[in-house]
Amino acid sequence: MVDQGKNGHQRALEALLGVPTTDGNIVTVLRNGDEIFPAMLDAIRGAEHTVDLLSYVWWKGDICTEFAEALATKAREGVRVRVLLDAIGARLMEEDDKERMEDAGVSLWFFRSVNDLQMWESTHRTHRRALVVDGQVGFTGGVGIADEWTGDANSPDEWRDTHLRLDGPAVDGLRAAFLQNWGESDHPFITEADRYPALSRDGDKSVMVVRSSAGHGVSSMSMLKTLMIELAQERVRITSAYLAPEEHAKAALARACDRGVEVELLVPGDHIDKRVAKIAAEQHFEELLDIGVRIYTYDRTMLHAKTMTVDGVVADIGTANFNSRSFSQDEEVNVVVFDPEVAGLLDEHFDQDLEHSTQVTPELWDDRGWVQRAAENAVSLVDGAM
């Protein structure tokens, strides 16, 4: 079992994943667009040498234009700006935003255009989000570039999400996540503008950056999520926009419940952006409730966050949902923070989200009608991922 000491979870994950942590990081948790977008835009506007932005989503709206103009401005100032967008996730991007950036000298590339791929390749997307400025400041989490993420989750028009800012040596992991996907383009990995500063260690957070790619076998992301559950001794709290856990993940949850770990799961309710994704998640509710998982549905707006905490001392924030697509089919990046302060803040956010949620009890779920049961059966082969 995991060492009961302060660094027990950290050392166990390092050994089992083969991914080292870095010390001396500053981690700033950002909640909802009102905190996330200003922080990202401030970092871009302060860039001196390079800006690398990777996003699955770039849709439409004023915030898209604001990002496009900020990136274009820096390119006109001589900053090397690269923007990498998933060809499927950014399919709604307006031509004006694209032209504004390209005309200013931004290197814009779309990941795995469906027209250029074999059919079997086209479903493997980059679901990553990463913003790296001057190689020193990094951002990742669940947010997309679209008006849906603006605001503070006060209405169904303002999505609920969690992002974070990193300062310190862990930023290198986010830069690597960008470059790994950028490497599929015909652009060079690096240019003369790139800098490799000795990253400051002004913070006190130990951080692990886990990258995962589509492929055969068990992915790094699947291992991360499952191992965190296996290592839990007291409590696991999972927030996921889309739910469709693989069998070994469900087995890990069952073992955790059997040994007395409190497992809580928060997923979107009726405001989910894809009805089929909601039903795909609900087909797992009965099994999860039977093993002892407490399930809540978020009622205020679309819940798009992807977070996990373990025992109040480990926090996981990133782009991966608790579903089979994130575990095995998409490019993902997550940040694991070994710190009770960060984990405690996410737990505080979880508690606040529960105030706007409904618990799905076994009795309530047993009473669902035949239409709901038929819908679950109809989407039994769908994992609801996007």
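Colleague: Is Phe-178 buried or exposed, and how should I read its relative accessibility?

Modeller: A residue counts as buried when its relative accessible area is under 20%, and in this predicted model Phe-178 has a relative accessibility of 0%, so it counts as buried.

Colleague: Which aromatic pair does Phe-178 form with Trp-182, and what are the distance and the angle?

Modeller: For two rings, one looks at the separation of their centres and at the angle between their planes, with planes under 30 degrees apart counting as stacked. Phe-178 and Trp-182 form a stacked pair, 5.5 Å centre to centre and with 20° between the planes. Trp-182 is also buried, with a relative accessible area of 1%.

Colleague: Where do Phe-178 and Trp-182 lie in helix α5, and how are they separated?

Modeller: Helix α5 covers residues 171-182, and because Phe-178 and Trp-182 are four residues apart in it, about one helical turn separates them.

Colleague: How many aromatic pairs does the structure hold, and which residues form one aromatic cluster with Phe-178 and Trp-182?

Modeller: The structure holds nine aromatic pairs. One of them joins Trp-109 and Phe-111, whose arrangement is edge-to-face, with 6.1 Å centre to centre and 85° between the planes; planes over 60 degrees apart are given that name. Trp-109 is buried with a relative accessible area of 18%, and Phe-111 is buried with a value of 0%. Trp-109 and Phe-111, together with Phe-178 and Trp-182, form one aromatic cluster.

Colleague: What does Asn-181 touch, and is Asn-181 buried or exposed?

Modeller: Asn-181 is found in helix α5 and is buried, with a relative accessible area of 0%. Leaving aside residues up to four places away in sequence, Asn-181 touches Leu-54, Leu-84, Trp-109, Phe-111, Thr-126, Arg-128 and Glu-331. Two of these names, Trp-109 and Phe-111, also belong to the aromatic cluster.

Colleague: Which strands are joined to β9 by bridges, and in which sense do they run?

Modeller: Five bridges join β9 to strand β11 (residues 262-268), and these two run parallel, with Val-263 in β11 as the bridge partner of Val-236. Strand β13 (residues 307-310) is joined to β9 by four bridges and runs antiparallel to it, and there Thr-239 stands opposite Thr-307.

Colleague: How many bridges join strand β1 to β7 and to β8?

Modeller: Strand β1 (residues 22-31) pairs with β7 (residues 162-167) in the antiparallel sense over six bridges, where the partner of Val-29 is Leu-164. Two bridges join β1 to β8 (residues 205-212), again in an antiparallel arrangement, and Thr-22 stands opposite Val-207 in β8.

Colleague: How compact is the protein chain as a whole, judged by its radius of gyration?

Modeller: The protein chain has 13 helices and 17 strands. Its radius of gyration is 20 Å, close to the 21 Å that the globule rule gives for 386 residues, so the chain is as compact as a globular protein of that length. Buried residues make up 59% of the 386 residues, and among contacts between residues at least 6 apart in sequence, 82% join residues at least 24 apart.

Key: Residues numbered from 1 in each chain as written. Predicted model: local features only at pLDDT ≥ 70, side-chain atom pairs only at ≥ 80, totals over all residues. Heavy atoms only, no water. Phe/Tyr/Trp six-rings, centres within 6.5 Å; stacked < 30°, edge-to-face > 60°. Buried < 20%, exposed > 50% of the residue type's maximum accessible area, 1.4 Å probe, protein only. Pairing = 2+ DSSP bridges. Contact = heavy atoms within 4.5 Å. Rg over C-alpha atoms; globule rule 2.2 N^0.38 Å.
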